[in-house]
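Please look over the sequence and the model shown here. A short report follows.

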Amino acid sequence: MSRRIGRILLRAVITLVMVAILNFGLFRVIPGDPASLLLGGARTSVTDEQIEAQRQNWGLDRPLFPDQALDYLSATLQGDLGYSFKFRGRHVADLILERLPATIVLVGLAQFIAILCGVMLGVYAGWRRGGAVDHAATGVSLALYSTPSFWLGMLLVVIFSTALGWLPGYGAYSPGANVGSLDLALDYLRHLALPVTAVALGLIGQYVVVARAAMSDVVTEDYMVTARAKGLTGGQMLMRHAFRNAMLPVVTLITLNLGYVVAGAITVEAVFAWPGIGGLTVEALNARDYPVLQGIFLLLGVSIVMANLIADLAYGLLDPRVRQ
Amino acid sequence: MIDSSQHKGSLLEVDGLSVDYGLKGVSSRAIDRISFELRAGEAVGLVGESGSGKTTTAMAIAGLLSPNARISSGEVRYRGNRLPIDHDAAMRPHRWSETSVVFQGAMNALNPVHRIVKQIAEPCMLKLGMSRGEANARAKELLELVGIPADRGAAYPHELSGGMRQRVMIAMALACRPSLIIGDEPTTALDVITQAQILKLLGELRSRLNIALILITHDLSVVAECCDRVMIMYSGRIVEDGTVAEIFAQPKHPYTRLLIESIPNPASGKKIIRPIPGDPPNLVNRPSGCAFHPRCPSAMGICATELPSLDKFGQGRVACHLHRSSQHDKVAAHA
């Protein structure tokens, strides 16, 4: 048991170091000299001496490996992700932390709704395979699963915002909203409704498909015949014997999806101008703000590794067969 | 428990039972007008090759037929009362309290995510109304009864050997003190030594607790170990029914005889196994007359045209034109 956990933790640590090194390498092979980017790129006239001075100032004249790489690793470990190009003088870590809550609220809420609806629907569809609910749920899920969520978002904006005018389709707050009032909270929720719906719809299909497949495998298992022979009712068979076995693949999917909570809605955030990590990513891309992008990539890598770690540990709790 | 003597000692009566399976519009008859009786505490083996209908017979008695099965004739009576074997909810009170099933525990008949003590205690709580504590105590007693130390109850099925899992299945089947246990090939997939131990255990426990047993198997030697009586099935029908001693000493039906001859017997120095020639019959399109006649070494003209009925013969019953009593003139003419 503890040996298995130790192995999982060790693997996570090694993966994290690899992620950090890859992340460092990736941004060093992109064309473009950071020093000249800092000085305004090729549009302004800067002398070679000025560029050289900047390179020395930031330590860019030293060899990439191992000097700069070690600098990067030790700074990253201390939480120093460098400075943004676009937002002059601002720490990348501060920028990311500022935007993180909006994304966690958006994707977290959408995940919660999608898991609740998707798993219930999928489990029921798999339990009553071939029934009306199964046909409807499977059809709609496959359609949603294969639809890009930003397109769903655009559709929602066109219908509920532009045509009907029920809900705002842009930003997190109305301009000039009262700070600290109850109205502000309501205003925030109204702005949240459409993007959450878009992200949740995109996720529901996935949960329905996986939960249904898992459940329809379980109902044909021999131990379900044993449960029936023991005189259990349909409900008892579902809750005592089928549900937990069917949850094994679903829990893996849930925990793996947790890794995308921080960066899972880049396109939807762009559609709704939601002030989260996704919006920041798009802004940084447009401005070639490499340090910010590098920070976001690192965050994404770390959260996916952590989600995998949780998935491995959770699976052991649910399924006694993998504990050894 | 109800006194079973009021029904002339008959615990179970199967009367003219036929079951069809429908698949894509094609219906095939798995068992055809099966009739037999089982006394309380009696152990009977149901023997036949794959597709002979032995499992369908047993699952019908337990009310566990799959949804594509249809009972097209006959009924099953338990202590004189008709069992609602085609009605899932109505069967529920009967299940496990009266009839329990020992599945192939070596395979996947135990739930992999629950501790075995919990799986044995479950029917005690649901059927006998025990509290969790009482049910767990009973589950541990049952484990000891089948030769597993009570503290192994905390184990999960995958932590046990195939033989141990089969013991757990037996403990589970005894949980609600049933009057009938159906063993569905309980020793398949076990090695020969474990198989013998499991059969011995099952035989001892059921005679000590006076539980009737229907043992389904394709292996006649298994029946010899722990049954009083054996019924041989072929193509959905019972072809011979008699005591174990009688059938082994004097098999009446040619199929039974060939089955016994096909058992390898190292003691007699016989090294060659004699298989029965031919293939099992097609259930959708059965041979006319006696279904065994294309493979039968003693087939006569009448065998291809007329289905032999299962008639009393000596102590048992046999369905074969070779053994029709003399009042049938047609047979006499052929003989």
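How many residues from chain B and from chain A does the contact take? It takes 20 residues from chain B and 17 residues from chain A. Two residues are in contact if their C-beta atoms, placed from the backbone, lie within 7 Å.

## Basis of the model

This is a predicted model: local features need pLDDT of at least 70, side-chain atom pairs count only at pLDDT 80 or more, and totals for chains, interfaces and linings use all residues. Residues are numbered from 1 along each chain as its sequence is written, and chains are lettered from A and ligands numbered from 1 in the order in which they are written.

## The interface, from chain B

Helix α3 (residues 116-128) of chain B gives the largest share of the side of chain B that touches chain A, with four residues. Helices (H or I, at least four residues) and strands (E, at least two) are DSSP runs, numbered from the N terminus.

By class, the side of chain B that touches chain A has 13 nonpolar, three polar and four charged residues. Ala, Val, Leu, Ile, Met, Phe, Trp, Tyr, Cys and Pro count as nonpolar, Asp, Glu, Lys and Arg as charged, and the others, Gly among them, as polar.

## A sheet in chain B

Four strands of chain B form an open, antiparallel sheet, ordered β2-β1-β4-β5. Strands β2 (26-39) and β5 (81-82) of chain B are at the edges, each with a single partner strand, so one side of each lacks a neighbour in the sheet. Two strands pair if DSSP finds at least two bridges between them.

Strands β1 (residues 10-23) and β4 (residues 69-78) of chain B run antiparallel and are joined by eight bridges. B:Val19 has B:Ile71 in β4(B) as its bridge partner. Helix α1 (residues 54-61) of chain B packs on the sheet and touches β1, β2 and β4 of chain B. The direction of this helix makes about 115° with that of β1(B). Axes are lines fitted to C-alpha atoms, for helices over the stretch in contact, and angles run from 0 to 180 degrees between N-to-C directions.

## Chain A

Chain A has 13 helices and zero strands. The C-alpha trace of chain A spans about 85 × 60 × 35 Å along its principal axes. Of its 324 residues, 33% count as buried. A residue is buried if 20 or more other C-beta atoms, placed from the backbone, lie within 10 Å of its own.

Helix α9 (residues 222-229) of chain A is mostly covered, with seven of its eight residues buried. Among them are A:Tyr223, A:Met224 and A:Arg228. The buried residues of α9(A) pack against α8 (182-218) and α10 (234-258) of chain A, and also against β6 (99-102) of chain B. A:Gly231 follows α9(A) and has a positive phi, near 90°.

## Two domains of chain A

Chain A is assigned domain 1 (1-86) and domain 2 (93-318); the bounds come from an automatic or database domain assignment. Their centres, taken over C-alpha atoms, are 32 Å apart. In chain A, 22 residues of domain 1 are in contact with 20 residues of domain 2. On the domain 1 side, α1(A) gives the most, with 10 residues.

## Confidence

The model scores ipTM 0.85 and pTM 0.81. Chain B has a mean pLDDT (the predictor's confidence in each residue, from 0 to 100) of 86, and 91% of its residues reach 70 or more. Over residues 1-7 of chain B the pLDDT is below 50. It stays under 50 over residues 326-335 of chain B as well. Where pLDDT is low, the predicted coordinates should not be read in detail.

Key:
Buried ≥ 20, exposed ≤ 12 C-beta atoms within 10 Å, placed from the backbone.
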